Amino acid sequence: MVKSCPDPLIYLVDDEYAVRDSLTLLIQSTGQLVRSFESAQDFLDNYNPAQPGCLILDVRMPTMDGLQLQQELKKRDIYIPIIFISGNAEIPDSAKAFRAGAVDFLEKPFDNNLLLKRIKEAVGKDIDIREKLAERRDLQQRIDCLTPREKEVLSLIINSHSNKESAKMLDISPRTIEVHRSRIMKKMQVDSVTELVAMLRDS
Amino acid sequence: MVGEIREVEGLRRDGMVVPIDLSVAEFSINHISYYTAIVRDVSLRKIQEQQDKAHLDELAHVTRIGLMGEMASGIAHEINQPLTAIVSYSQACINFIRAEKPDLAQLGNALNKTLEQALRAGQIIHHMRDFVKSKTRHRSTVDVNSLIQISISLCNSDLKHNNIIQELKLANNLPGIAIDGVQIEQVLLNLIRNSIDALKDLPLEIPRKLTIHTYLNQDNFIECRVKDNGKGIAEADQEKILTPFFTTKPDGMGMGLSICNSIIRAHHGVMSFSSYPGKGTTFYFTLPTQGKING
């Protein structure tokens, strides 16, 4: 499924001006879009979920620190990949960050080539996540169009029951099963049972 | 001059100049005024005082090195910030140069910023070195407010990490005074760090505030107050808090405040505090603005 995506945007949250300014300049110098924020709250107020990207996040900040923001994003179902940057990489912090799915945890000052590499990976990851989510949403929409009876038949099909078995289990005629089956295929926009099973298994 | 003791210099018969205390008393008999002058050679006391000062300088130096050790991680964090910026600015410069038509204005701008950050990192290191360097120091004219700014900047990362809001109310009419700047800074750092310790256990919903206030008091002394709204000092501990080796901290030596007290006294000032358990603590010290400071 190919969709036209807006250009990725790199978000940067660090309370230190010099770090924000220099990283912004660096990322811009590689031709990427970047937006920086002084605080976690500023980022939350301005984050645009429609645009793919990643988040470079300082660990130690007043009011809401990086790890707290990571938890807050989870709570809000925002799955933007995060690269942590930290002035003193304490092991408990980095362990926490990784457990919650961070892409990396870089200790300041870090090798910028490594950062740029991680940005690329993170953006790729975000685009993947978005495609998967879109596919799943799409699939869910199709499933939502099925009637309760069709859903029952669908679950029998994916559990590899034959028409005959299914008819028996639901106490209806094999002919009716046939009708349900063809409607399901149409609504799910597939040509064969194999395709249908593959589609549901992948998600 | 009647009734007060003056420190003057006297010449001994062997030609040596010695410090003497001179006091004059007045009395009258049958309406006639008489004066008695008492002159006392205080060389011995002066020597004692100097030994005391050397001893204090030494002790202050040792505890200062310990203090730096405790603060090392926070200071490393402060140095890492400009270093990170330098690395990123330089890489951006390299990228600019590689462009087909390098934008020289942009390049120059980024290089200037690199320079600024390098100087900033250097300043922190210079300062650290001055702080631990020598034990015997000369007093020089110092602006107390600038000592406060420096002390706060060294604690910045701890303040930030613990969500402490700092408020500086620094009077702009303070005269420069002749003090040992490093020792007074040591006092300030001790007080600020004690406040951070008192504040960091506060529940999150209470805003943590550190206020530093300077002003010229009515006796023409500079007065400095370091105030927090932390957990306060338990009443039973209050009378012991300034004595050596008393500590409420699990890894404390109990030297911090007692040295601070000695440093302030050696500067002919006074240190004191008021604390209310559950409400907060204010430490304050005074420093004379003229005269007396020459020890």
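How many positive and how many negative side chains does chain B have, and how far apart do the centres of the two sets lie? In this predicted model, chain B carries 31 positive and 32 negative side chains. The centres of the two sets are separated by 3 Å.

**Chain B overall**

Seven helices and 10 strands make up the secondary structure elements of chain B. The radius of gyration of chain B is 25 Å, well over the 19 Å that the globule rule gives for 295 residues, so chain B is more spread out than a compact globule. The C-alpha trace of chain B spans about 105 × 50 × 35 Å along its principal axes.

Of the 295 residues in chain B, 41% are buried. The accessible surface of this chain comes to about 16600 Å², and carbon and sulfur atoms account for 54% of that surface. Among contacts in chain B between residues at least 6 apart in sequence, 64% join residues at least 24 apart.

**Domains**

Chain B is divided into domain 1 (5-41), domain 2 (81-130) and domain 3 (139-288). For chain A, the assignment gives domain 1 (9-133) and domain 2 (145-202). The centres of domain 1 and domain 2 of chain B, taken over C-alpha atoms, are 66 Å apart. In chain A, the centres of domain 1 and domain 2, also taken over C-alpha atoms, are separated by 45 Å.

**Local backbone features**

Two residues other than glycine with a positive phi are listed below, one from chain A and one from chain B.

| Residue | Phi | Relative accessible area |
|---|---|---|
| Asp171(A) | near 60° | 70% |
| His268(B) | near 65° | 37% |

Asp171(A) is found in the loop between helix H7 (163-170) and helix H8 (174-187) of chain A. With over 50% as the cut-off for exposed, Asp171(A) counts as exposed because its relative accessible area is 70%. His268(B) is found in the loop that runs between helix H7 (256-266) and strand S9 (271-276) of chain B. At 37% relative accessibility, His268(B) is classed as partly exposed.

A further backbone feature is a cis peptide bond in chain A, from Lys108(A) to Pro109(A). The omega angle of this bond is near -10°. Pro109(A) is found in the loop between strand S5 (104-107) and helix H5 (112-144) of chain A.

Methods:
Residues numbered from 1 in each chain as written. Chains lettered and ligands numbered in written order. Predicted model: local features only at pLDDT ≥ 70, side-chain atom pairs only at ≥ 80, totals over all residues. Heavy atoms only, no water. Helix = DSSP H or I, 4+ residues; strand = E, 2+ residues; numbered from the N terminus. Rg over C-alpha atoms; globule rule 2.2 N^0.38 Å. Buried < 20%, exposed > 50% of the residue type's maximum accessible area, 1.4 Å probe, protein only. Contact = heavy atoms within 4.5 Å. Areas by Shrake-Rupley, 256 points an atom, 1.4 Å probe, with all protein chains shown as cover. Lys, Arg positive; Asp, Glu negative; His and termini not counted. Charge placed at Lys NZ, Arg CZ, Asp CG, Glu CD. Domains from an automatic or database assignment.
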